[in-house]
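Welcome! Please take a moment to look over the sequence and the 3D view before reading on.

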Amino acid sequence: MTLTATTPTAPTPAVWTITYRAGTAGTAVQRAATTLTCAHNAGSNVAAFAIRNGRLYGWGSNLYGQLGLGTSAAGPRTPVRIDGGTLAGKTIVAVDNCSRTVVALAADNTLHAFGAGSNGQLGDGSTSTTAYSPVAVDQSGALKGKTIVAIASAPAHSVVVASDGTAYAWGSRSGGALGDDNASGAPGAQLTPTAVRMPIETVGGVTTTARFTAVVAITGITVALSATGRVYTWGTANISGSLGNGTTSGDVLRPTQVVGLAGKNIVAITAGSSHVLALGDDGTVYGWGRNDSGQALPGSTTAQLAPVAVPKTGPGGYRVRVIAAGLDHSHAIAVDSGTTVRLGWGAQSSGQVGNGVSGTAVPSLSGVAPIAEPDGSSLAGKTVAALGAGPYSTFAIATDGTLHAWGADTSGTLGDDATIGNKSIPVRVAALP
């Protein structure tokens, strides 16, 4: 899922793109994408990435070589350029990472991966334990002749979408995460991209193969959005109900529609560790899956096995336009009477909601209301254009092109070069070199 905002920064306008678990190829005067890891191996192993003018930057944890710097040394606490290995000379248009493995898409349609690879998630035909420098994903087989438009990386598998709407996956097959209809664990790993078995849709009495437009991946599960606004999931059943099919059992080996959203026109999807959010064209947010901190449904701590609408509270009639999800927290950007507002709900134990409060594991919310920027917030007086969330931290791009972060900072993930420690109010990320 790619969210784009035009910012009036001098000397020329800039187009900033923030990407969470997926990206769309394109060209722009200036591009910046920030993605954060998902919940697997969370805590101190979190890295963040940004793209500007086709150059890739990263900071934070490098435990698994996920910064692609050619070394296992500790990662930097401010952004550094990543241009080694197969990324040398490449213009990067999208990047996605999920704690251990990073996938990047270049403007020449080549795919690259770095970090952990023991489950084949590098897609280069190997099960190398770690790729400290970027390697090329094998595009000579199933991806031959395909133009890639969206990418997603999970801890043990990766997924991409082509311009014709077809999807491809590689890495661990456990639980059906690859969606190729093969039985769980047979074989255990797919070392190069393989075709996802695409579902059939009937629209207006016409039956045709679905065309995916966006994809997100979390541990053992993939979520995809079709051009008709339908949501599909596949992979490992879990106790949180992350598949959204009303049950906690029975692995799903191929894309299956989330029937609880039938009749809704979904325009965006995102996912945290084990919960998923979907945005309807009317501005309604739907959540399902893990909910121990109210991240899927505020006011409840019960796992949501099927989509439920996130309730609104407070004055005004805001309309959500952007969504993001972390390990146990969720975020949105909305417009209320012409004013852009920031929303956040779920856990704030590390300050990840960004409302100036930390240490509260489960906020007592019956719904979601706009956040008033706390004193000292780097976002004070600014308008948020895009959001992205990590395990216990959150990132934002303002319309003036500045990057901001808040929440957990155990590995320098916030990128502000300050003393390591959680921050419950937004701070400025150091300027890209």
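Here is a short tour of some charged pairs and of one glutamine.

The model you are looking at is predicted.

**Lysine 146 and aspartate 164**
- Lysine 146 and aspartate 164 form a salt bridge, with their closest N and O atoms 2.5 Å apart.
- Lysine 146 sits in the loop between strand E10 (130-136) and strand E11 (148-153), while aspartate 164 sits in the loop between strand E12 (157-162) and strand E13 (167-172), so this pair ties together parts that are 18 residues apart in sequence.
- Lysine 146 is partly exposed, at 21% relative accessible area.
- Aspartate 164 is partly exposed as well, at 29% relative accessibility.

**Aspartate 181 and arginine 197**
- A salt bridge joins aspartate 181 to arginine 197, and the closest N and O atoms are 2.8 Å apart.
- Because aspartate 181 lies in the loop between E13 and strand E14 (189-195) and arginine 197 in the loop between E14 and strand E15 (200-203), the pair ties together parts that are 16 residues apart in sequence.
- Aspartate 181 counts as partly exposed, with 26% relative accessibility.
- Arginine 197 also counts as partly exposed, with 42% relative accessibility.
- Asp181 and Arg197 belong to a network of salt bridges that also includes Arg254.

**Lysine 382 and aspartate 400**
- The side chains of lysine 382 and aspartate 400 meet in a salt bridge, at 2.5 Å from N to O.
- Lysine 382 is in the loop between strand E27 (339-346) and strand E28 (384-389), and aspartate 400 is in the loop between strand E29 (393-398) and strand E30 (403-407), so the two tie together parts that are 18 residues apart in sequence.
- Lysine 382 has a relative accessible area of 30%, which makes it partly exposed.
- Aspartate 400 is partly exposed too, with a relative accessible area of 28%.

**Glutamine 304**
- Glutamine 304 is part of strand E24 (residues 304-309).
- Is glutamine 304 buried or exposed? Its relative accessibility is 12%, so glutamine 304 counts as buried, the cut-off being under 20%.
- A polar atom of the glutamine 304 side chain lies 2.8 Å from the backbone oxygen of threonine 302.
- Beyond its neighbours within four places in sequence, glutamine 304 is in contact with Ser240, Gly241, Gly287, Trp288, Gly289, Asn291, Ala296 and Leu297.

Key: Residues numbered from 1 in each chain as written. Predicted model: local features only at pLDDT ≥ 70, side-chain atom pairs only at ≥ 80, totals over all residues. Heavy atoms only, no water. Salt bridge = Lys/Arg side-chain N within 4 Å of Asp/Glu carboxyl O. Helix = DSSP H or I, 4+ residues; strand = E, 2+ residues; numbered from the N terminus. Buried < 20%, exposed > 50% of the residue type's maximum accessible area, 1.4 Å probe, protein only. Polar contact = N/O pair within 3.5 Å; in protein donor to acceptor, adjacent residues only side chain to side chain. Contact = heavy atoms within 4.5 Å.
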